Amino acid sequence: MGKPTGFLEYGRREGSVAAPLVRIGDFKEFHEALPLEEQRLQGARCMDCGVPFCQMGVMIGGMASGCPLHNLVPEINDLVWRNCMEQAYVRLASTNCFPEFTSRVCPALCEAACTCGLHTQPVSTKENEKAVIEYAFANGLVQAEVPKVRTGKKVAVVGSGPAGLAAAWQLNRRGHWVTVYERSDRPGGLLRYGIPNMKLEKSVIDRRVELMEQSGIRFVCNTDVGKDIGSQELTAQYDRVLLACGASRPRDIEVKGRDAKGIYFAVDFLKEVTKTLLDSNFQKIPYELAKGKNVLVIGGGDTGNDCVGTVIRLGAAGVVQLEMMPKPPKEREEKNPWPQWPRVLKTDYGQEEAAACFGQDPRQYQTTVTEFIKDQKGRVCAVKTVSLAPKTDPKTKRVSMAPVEGSGKEIPVDLVLIAAGFLGAEVYVTDCFGVKCNARNCVDTRPKAYETSMANVFAAGDMRRGQSLVVWAIAEGREAARAVDESLMGYTNL
């Protein structure tokens, strides 16, 4: 695949990225594409390695190695190199419903497992994928897919995040009538309101949703299933129901002073920012949320980084990001060999921007909050923190992070954003449908299947597997669609 000697002849190149101090001036995407002729050379670097871990999508050491969608990575790279972009799109679309999403927000599990990356830089598969899908849109290759024959079966998909959208797309292609319910005012779920616009421009979502509507999929927004409409009504109207509501219950920081004003869950804050931008057609930027404020972000993951990048664009005076775990090493350790996911230090766009604006990386490792301090008006004005150190339980051998005596500090803050992860599915939804949940508050399904404890009710995505990546949600949605289709028809050709 690719050019046999390509990985020796061409170095890895990526599209240009706007400088941090430039890109913080707006909420637009800031990654530019390479010219197609240069992108072809990146496809040529795919080395015909024989065992393409890039497309395996298997769990190694508790983390995925390779693409969970099993994208035909070597074939696509080869077709990019040969300038056969239409054929490359056909290959890509056969496994991935929404390459325009994954090529923007996926952490590129394929590249982490690339054989070329064992001794040099991996193939730029993610940018190759983006080049293919954007070429396809620009040249009219991505079309609405109206089924020639309808089965007469009706399916309700609850939730319009990546899992729900993927399932709806597949089920509609099969000929079923699909209705997608979304509690927010616009479709997209996590893609719409959980990921900032500079990481995924919302016009990209609108473009796909429009195609889905043209294909016959119906979207019902501003309808919160479990509150506005019950399970009995849905199960009476539809032959099958697929729950794809995400793991949307945020983890709280339950310490003294938590009731102070000025403390928000990250998802609520990011949604408010994005909704303000969309409602005003990007004419109103909600500077009042963070301008001139000292911001504390609790949580070191992707959502925490998104908060850092967002408050900088809103004019924050400073930002600190707390991470409970130790600082990762710069290089792979022996206990973390290729092709495992590399557990190494990564600096994302928000942290780069904070360093450019304030002179240092915003992250403070092995630190947690012990108290929120309020001023006379009840607003948060400072937080007390404590350092943490790894501690091994002598009986279970499990490692936990324990407070270090005498390490307390106080940080002045005006705004706190909690990005500490999620605790599974919303209870009111699972209670409404009476489905069983596991210890992680995720919906239980039959082994190697997607059907819940309630007949004709299925579950997929973060709601089933817990907080995860967009690429896993799409994979779950596709597999759940297969299960629903087989349940309806007695067989499936999805």
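This is a predicted model: local features need pLDDT of at least 70, side-chain atom pairs count only at pLDDT 80 or more; totals for chains, interfaces and linings use all residues.
Residues are numbered from 1 along each chain as its sequence is written, and side-chain values use heavy atoms, with hydrogens and water left out. Helices (H or I, at least four residues) and strands (E, at least two) are DSSP runs, numbered from the N terminus.

**Sheet with β5 and β16 at its edges**

- Five strands line up as β5-β4-β3-β6-β16 in an open sheet with parallel pairing; two strands pair if DSSP finds at least two bridges between them.
- β5 (218-220) and β16 (457-459) are the edge strands, each pairing on one side only.
- From one strand to the next, the twist averages 20°; angles run from 0 to 180 degrees between N-to-C directions, with axes as lines fitted to C-alpha atoms, for helices over the stretch in contact.
- β4 (residues 177-181) and β5 run parallel over three bridges, and Tyr 181 has Val 220 in β5 as its bridge partner.
- Helix α9 (residues 162-174) packs on this sheet and touches β3 (154-158), β4, β5 and β6 (240-243), with its direction at about 165° to that of β4; contact means heavy atoms within 4.5 Å.

**Sheet with β7 and β10 at its edges**

- Here the order is β7-β15-β8-β9-β10, an open sheet of five strands with parallel pairing.
- The edges are β7 (263-265) and β10 (363-365), which each pair on one side only.
- The twist averages 20° from one strand to the next.
- Strand β9 (residues 318-323) pairs with β10 in the parallel sense over three bridges, and Gln 321 has Arg 363 in β10 as its bridge partner.
- Helix α14 (residues 302-313) packs on the sheet, touching β8 (294-298), β9 and β15 (415-418), and its direction makes about 175° with that of β9.

**Helices α8 and α11**

- The axes of α8 (residues 125-138) and α11 (residues 202-214) come within 13 Å and cross at roughly 55°.
- Ile 133, Glu 134 and Phe 137 in α8 meet Arg 207, Arg 208 and Leu 211 in α11.

**Salt bridges**

- The count comes to 35 salt bridges, each a side-chain nitrogen of Lys or Arg within 4 Å of a carboxyl oxygen of Asp or Glu.
- In one of them, Glu 352 pairs with Arg 23, with the closest N and O atoms 3.0 Å apart.
- That pair links distant parts of the chain, 329 residues apart: Glu 352 sits in helix α15 (residues 349-358) and Arg 23 in helix α2 (residues 20-23).
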